[in-house]
Amino acid sequence: MIKFLPLDKLNGRYSDEIRKAVLRVVESGRYLTGTEVRGFEYDYSEFTQTGNCVTCASGLDALWLILRAYIELGVMEPGDEVLVPANTFVASILAITDNGLKPVLVEPGLSTLVIDERQLERLITPRTKALMTVHLYGRISWSGEMADFCMKNGLKLIEDNAQAHGCMTLNGRRTGSLGDAAGHSFYPGKNLGALGDAGAVTTDDGILADVIRTLANYGSSEKYLFRYCGRNSRMDEIQAAVLRVKLRYLDKDNEARRRVAAMYMEGIDNPLINFPDILPEQSNVWHQFPIFCKRRDELQEHLYCKGVETLIHYPVPPHKQQCYSMFNNLSLPVTEKIHATELSLPINPVLTEKEVRTIIDAVNGFS
Ligand SMILES: *Cc1c(COP(=O)(O)O)cnc(C)c1O
């Protein structure tokens with residue numbers, strides 16, 4: 001069986017360095033808010049070319065903290081609206097609703113798979129305060145026009161960069177530096193993954209970064225004095241030490257993903273399969289390799305029988321979830337079509353050429 005994502009193999013490539021890093025933390029006697037976390041914050045702000053990196057416990061927390069900080073700063077208030085793509089992992093939406101803000105679900109493009117910028121103008125109201133763009137599947141979701149639209153309408157531009165670490169614009173700017181603030185997830189399966197949960201915010205806004213740091217520390221910036229009702233959201237020293245190792249290999253790993261993607265695009269010629277638009281090379285870090293098929297479930301079963309494990313991202317869109325019953329009646333046909341036909345093929349830096357060929361043959365053999 002070709003596994004969808006063999007994390008043991010992925011991390012095993014760096015096992016010597018990871019062991020050393022973990023042991024260093026164990027022996028230091030300091031497990032929270034120490035030199036590893038400070039070191040990773042420095043490294044990751046350098047990597048993303050942003051002025052500040054504030055680590056936290058998860059990607060969801062990162063997005064939640066950004067919005068809560070804007071509320072504390074008086075930039076937005078509960079009841080305000082946030083534009084967000086309708087086809088995203090539910091965490092993007094949870095960060096909005098959990099702050100009492102209203103998600104305005106925007107259809108994606110059917111072949112871009114990210115937010116359809118042409119819809120934005122129509123959906124804006126006097127209560128719209130932010131646009132949360134999601135670089136889904138590792139595909140960049142940003143343009144100069146998007147930035148101008150936000151500027152012109154006084155909206156904060158927030159990036160959900162959980163799936164696109166290392167992705168770049170044509171000018172070489174990294175995702176995580178393209179808006180006012182960005183939330184990053186280091187969930188083990190992401191392109192830059194820890195050995196557990198971890199997240200971070202990057203931003204050039206020093207005031208915002210300070211509020212986020214305070215909020216993530218129970219709302220306190222001075223010991224035993226609490227300015228906000230915050231939460232405990234921290235990255236462990238062990239996770240930071242591991243991430244510092246893996247960050248050094250991120251660009252190389254993303255290159256390896258691109259080589260697998262190139263083989264798939266060259267080799268798959270089954271007329272029953274559709275691909276999304278091709279992006280400039282540096283603007284796609286291939287967190288997933290999504291293909292589309294009307295008979296998606298049959299295709300998945302066929303591949304499974306041929307020894308290929310696949311996943312669906314995602315089987316049910318956020319607006320059709322039980323927890324969002326108030327959105328269940330929205331009609332979002334593009335989103336629904338994507339969710340009904342998407343299938344993700346294995347893509348990761350440890351797939352061998354032989355495995356990729358096996359997968360291509362299995363896909364081409366579906367009729
Ligand atoms: C993974 C993910 C998140 C949440 O990150 P966690 O670290 O799992 O909390 C948010 N948004 C998107 C698009 C994701 O893929």
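Guide: The protein chain has 13 helices and nine strands. Both kinds of element are DSSP runs numbered from the N terminus: helices are H or I with at least four residues, strands are E with at least two. This is a predicted model, where local features need pLDDT of at least 70 and side-chain atom pairs need 80 or more, while totals for chains, interfaces and linings use all residues. Residues are numbered from 1 along each chain as its sequence is written, and side-chain values use heavy atoms, without hydrogens and water.

Now to the ligand. The space it takes is the largest pocket. A pocket is found on a 1 Å grid over the protein atoms alone: it is an open set of points where a 1.4 Å probe fits, with protein on both sides within 12 Å along at least five of seven lines. A molecule sits in a pocket if more than half of its atoms lie within 2 Å of the grid points.

Which elements give two or more residues to the shell around the ligand? They are helix 4 (59–72) and helix 5 (90–97). There are 13 residues around the ligand; a residue counts as near if one of its heavy atoms lies within 4 Å. G59, D160, Q163, S185 and K190 come nearest. The shell divides into five nonpolar, six polar and two charged residues. Here Asp, Glu, Lys and Arg count as charged; Ala, Val, Leu, Ile, Met, Phe, Trp, Tyr, Cys and Pro are nonpolar; the others, Gly among them, are polar.

Next, look at single atoms. A polar contact is a pair of N or O atoms within 3.5 Å. K190 places a polar side-chain atom 2.7 Å from an oxygen atom of the ligand. Q163 also has a polar side-chain atom 2.8 Å from a ligand oxygen. For L60, a backbone N or O atom lies 2.9 Å from an oxygen atom of the ligand. Alone, the ligand exposes 380 Å², and the protein buries 92% of that. Such areas come from the Shrake-Rupley method with a 1.4 Å probe.

Last, step back to the whole chain. Its C-alpha atoms fill a box of roughly 65 × 55 × 40 Å along the principal axes.

How values were computed:
A polar contact is a pair of N or O atoms within 3.5 Å; within protein, one must be able to donate a hydrogen and the other to accept it, and residues adjacent in sequence count only if both atoms are side-chain atoms. On a 1 Å grid over the protein atoms alone, a cavity is a set of points where a 1.4 Å probe fits but cannot get out, and a pocket is an open set with protein on both sides within 12 Å along at least five of seven lines; lining residues have an atom within 4 Å of a point.
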